[in-house]
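This briefing concerns the structure shown below.

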Amino acid sequence: MSDHIDPEKLDRLAEVAVRIGVNLKRGQDLIITAPVDTLPLVRRIAAHAYKAGAGQVLPFLTDDAVTLARFEHGDDASFDRAPGWFFEGLGQAFKEGAARMAITGEDPMLLAGADPHKVARVSKATAIARKPAMDPIVGFEVNWNIVAYPTPGWAAQVYPDLPVEEAQGKLMDAIYAASRLDGDDPVANWEAHTARLKERVDWLNAQSFSALHYTGPGTDLHLGLAEGHIWKGGASPALNGVVCQPNIPTEEVFTCPHAYKVEGTVAATKPLAHQGSVIEDIAVRFEAGRIVEATASKGQDVLRELLKTDDGSSRIGEVALVPHSSPISQSGTLFYNTLFDENASCHIALGQCYADAIEGGSVLSPEELKQKGGNQSIIHVDWMMGSDAVDIDGITKTGDRVPVMRGGEWA
């Protein structure tokens, strides 16, 4: 661990991830997936999980050097393979009651020099194989959480002008602030923050809009909302009854758009770090819910490969509202990490919807979900399209317009 990473801050992050994030229950197993560079946080999380009465803590680690070795030396056929047996095992563990913790901190530019077609093939093969492990998460069947650690590769991208260890320390401070861990009682911080998010959720659910209309530079988008959509945000109960906070940090309220009722243009307001590449200046046009034109000033090939993943990858499965004044936005830091950048800006997600953002969605068949407008895909990729120059109106069922956001702030 870098000498510049405050051990007390790291410990508090681990404790909040266990107590508030995943809200681990006594006797419950905890499965952790993480890059090997995040081991200092993995170890702290394990300690706090066992203090909370964990049955067993089971970490599974990935390594950048091993990933790169595949792209440098792997046989061509290797890029269409993924360990389905591994993901089936994870899915079985979730079915038997295990909780899930994911630690993010990957180098966003790790695969920038790799063949984008090979990156896309690996991404697709992994997404298909991962379905048994992702379905319980997307369906919110179990309590889960994602949290971040400042790895050297990631920190160097966020603060390229600093020595790596110093960059790690600065990124740890930024993670700490964004994760609302300051002050004497971070648990109380999170309870107050969740209450504020719930006020927004309750107002939006009471409006029961049929659509949202976004206007801003390069953006004129009419976005239909799914039938029976439910706005959500902050801590929520999983189907196993455990109230958890899936994302630390989080600033969003979100719901399910109608995958076939999106029309118009959208320009991204931040770069998207995806699969080891950074995609900049995304601009797309939707017709009948599908992206029919897509450009980017950088990473355009990666974007277009992503949109070809499957039938649902060029439609959207999530829409989220975040005020421009969110602490992450106001920090002025571009994190090159979706967990943080999506909480600095209103965003949409290509691909799979969250079934629990539709009334009764968790028990609907895929066909029933589709009829209500829920998108189906093996991917779920968030990208940012909000700023202080974007206005949003809600469209009621009778066609009236209600201001939702003005200049990136709640109206």
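Asp393 is buried in this predicted model, with a relative accessible area of 12%. Its salt-bridge partner is Arg401, which is partly exposed at 47% relative accessibility. The closest N and O atoms of Asp393 and Arg401 are 3.2 Å apart.

**Salt bridges**
- The count of salt bridges comes to 12.
- Asp76 and Arg121 form a salt bridge, with 3.1 Å between the closest N and O atoms.
- This pair links distant parts of the chain, 45 residues apart: Asp76 lies in the loop between helix 3 (64-73) and helix 4 (84-95), and Arg121 lies in helix 5 (residues 116-129).
- Both residues are partly exposed, Asp76 with a relative accessible area of 45% and Arg121 with 23%.
- Shared partners join Asp76, Asp80 and Arg121 into one network of salt bridges.
- Arg285 forms a salt bridge with Glu293, the closest N and O atoms being 2.7 Å apart; Arg285 is partly exposed at 27%, and Glu293 is partly exposed at 45%.

**Helix 2**
- Helix 2 (residues 39-51) spans 18 Å from its first C-alpha to its last, close to the 18 Å expected for its 13 residues.
- Its buried residues include Pro40, Leu41, Val42 and Ile45.
- Among the elements covering the buried residues of helix 2 are helix 1 (7-22), strand 1 (30-35) and strand 4 (144-148).
- Gly53, with a positive phi near 95°, follows helix 2.

- An open antiparallel sheet holds 4 strands in the order 9-15-16-17.
- Its edge strands are strand 9 (253-255) and strand 17 (380-384).
- Strand 9 is joined to strand 15 (residues 316-321) by 3 bridges, and Thr255 stands opposite Val319.

Notes: Residues numbered from 1 in each chain as written. Predicted model: local features only at pLDDT ≥ 70, side-chain atom pairs only at ≥ 80, totals over all residues. Heavy atoms only, no water. Helix = DSSP H or I, 4+ residues; strand = E, 2+ residues; numbered from the N terminus. Expected span 1.5 Å × (residues − 1). Buried < 20%, exposed > 50% of the residue type's maximum accessible area, 1.4 Å probe, protein only. Contact = heavy atoms within 4.5 Å. Pairing = 2+ DSSP bridges. Salt bridge = Lys/Arg side-chain N within 4 Å of Asp/Glu carboxyl O.
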